[in-house]
Amino acid sequence: MRVEAPIKVDRKTKRLAKRLTGGEIAVINHKDIDEVAANSLVEGKIKLVINAAQSISGRYPNKGPGILVDKNILIVDNVGEELFNNLQEGQVIEVIDGKIYRDGELLGQGEVLDKNEVDNKIKLAYENLSVELDRFIDNTIDYAKKEKGFILGEVEIPKVNTNYKNKHVLIVVRGQDYKQDLSTIISYIEEMKPILVGVDGGADALLEFGYTPDVIVGDMDSVSDEALKKTKEIVVHAYTDGRAPGLKRVQDLGLDAIVFPAPGTSEDIAMLTAYEYKAELIVAVGTHSNMIDFLEKGRPGMASTFLVRLKIGSKLIDAKGVNLLYRSKLKLKYIWALIATALFPVIILASILPSVQQFMHLMELKIKLLLQM
């Protein structure tokens, strides 16, 4: 394996993905590469990934590395912090069988992860899943005790300008399969005209589909300036002590924002806000709803999400994976049904119009002659 190309370097994979133009080597420091990060790298048309950290630590079966190698993008893994710090964006490097060279000088090396290596590591991670599940459940219970005030009214919901009352609300997170699921519910969006809420990068997902988010909720670390400037309302998710690092970015753009100090995730506060302001229905796309989702997000538990979903109950419809319901091929019986439907008016005309009747009679005679009947 030999790859020579310029490099793009960033500790935040989602930040790096925005700068990719194609044909580069992506240098990241991302332990347990998640699905969303991997898809963003694939979309950037990179040649190779160099990861300072372990792409698969074995804690749980993360999907990212599998996505990369399935697209023939190899990973030079666990090269270390020192090598990461030694690489500068724009430099051209050469990678030969996991060894990294710059101007002929060997800088270091890592383990090459191809499909077989990734499959073996993921298999071991599955074997460790029961241990991680126990830890995850314990953490979820501990966090639930601390965060129960989130849904018991102890956390004040800020006053917002958006009128949610008796309306449908679509909350979009740039999570697993968000593109496929959004594509599937386009007809719902067009018909019901729900309030469109983008959670951080989910706002850009809406823009990709030609929709302008009505509200953006999040810590503002992965949403574009374009989305922030186009939306009608911004809600910055702050820490429970009131610190809101994302607020400065919004203010630097000359925009106003509402600050919402709360535990949990930004998608949790988006759902809770819609619920508390009397939304009729909440539809969620790309949200995190299981242990793997939350481990990929870096959270040790899903207490706030569990509590919020418990509270909003039947008002929530999770559209995650809805695209799978419609992945069916056109069956032969449906084709015959279409043909029969199309022939029906022809048959009716044949029984009424003399000219058509004569034509059909001539065709019948010709067929009989051909078949020697």
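**Close-up views of a predicted model**

**View 1. Parallel pairing of strands S9 and S10.** In this predicted model, strand S9 (residues 168-173) is joined to strand S10 (residues 195-199) by five bridges, and the two strands pair in the parallel sense. Within this pair, Val-169 lies opposite Ile-195 of S10. Towards S14, strand S9 again runs parallel, with five bridges joining S9 to S14. Here Val-169 stands opposite Ile-282 in S14.

**View 2. The open sheet of seven strands.** The strands follow the order S13-S12-S11-S10-S9-S14-S15, and their pairing is parallel.

**View 3. Strand S14 and its buried side chains.** Strand S14 (residues 281-285) is mostly covered, with five of its five residues buried. Leu-281, Val-283 and Val-285 point one way from S14, whereas Ile-282 and Ala-284 point the other way; all are buried. In a regular strand, side chains alternate between the two faces of the sheet. Strand S14 is joined to S15 by three bridges, and these two strands run parallel. The bridge partner of Ile-282 in S15 is Leu-316.

**View 4. The open sheet of eight strands.** This sheet has mixed pairing and the strand order S7-S6-S5-S1-S2-S3-S4-S8. Its edges are strand S7 (105-109) and strand S8 (111-113), each with a single partner strand, so one side of each is left without a neighbour in the sheet. Neighbouring strands of this sheet are turned by 30° against each other on average, direction ignored. Strand S6 (residues 99-102) pairs with S7 in the antiparallel sense over four bridges. Lys-99 has Gln-109 in S7 as its bridge partner.

View 5. Lys-193 is a residue other than glycine, yet its phi is positive, near 50°. Lys-193 is found in the loop between helix H8 (186-192) and S10. The relative accessible area of Lys-193 is 58%, so this residue is exposed. Met-220, also not a glycine, has a positive phi of about 70°. Met-220 belongs to the loop between strand S11 (215-218) and helix H10 (225-230). With a relative accessibility of 3%, Met-220 counts as buried, because buried means under 20%.

**View 6. A nonpolar surface patch that includes Ile-137.** Leu-133, Ile-137 and Ile-141 make a nonpolar surface patch of about 240 Å². Ile-137 is placed in helix H6 (residues 129-147). Ile-137 counts as partly exposed because its relative accessibility is 39%.

**View 7. The chain as context for the close-ups.** The chain has 16 helices and 15 strands. It consists of 373 residues, of which 46% count as buried. Among contacts in the chain with a separation of 6 or more, 63% are accounted for by residues 24 or more positions apart. The accessible surface of the chain comes to about 20000 Å², and 55% of this surface belongs to carbon and sulfur atoms.

Conventions
Residues are numbered from 1 along each chain as its sequence is written. This is a predicted model: local features need pLDDT of at least 70, side-chain atom pairs count only at pLDDT 80 or more; totals for chains, interfaces and linings use all residues. Side-chain values use heavy atoms; hydrogens and water are left out. Patches are made of residues with over 30% relative accessible area and no salt bridge: like charges are joined within 9 Å, nonpolar side chains (Val, Leu, Ile, Met, Phe, Trp, Tyr) within 5 Å. Accessible areas come from the Shrake-Rupley method with a 1.4 Å probe; for residues, only the protein chains shown count as cover. A salt bridge is a side-chain nitrogen of Lys or Arg within 4 Å of a carboxyl oxygen of Asp or Glu. Buried means under 20% relative accessible area, exposed over 50%, partly exposed in between (1.4 Å probe, protein chains only). Contact means heavy atoms within 4.5 Å. Two strands pair if DSSP finds at least two bridges between them. Axes are lines fitted to C-alpha atoms, for helices over the stretch in contact, and angles run from 0 to 180 degrees between N-to-C directions.
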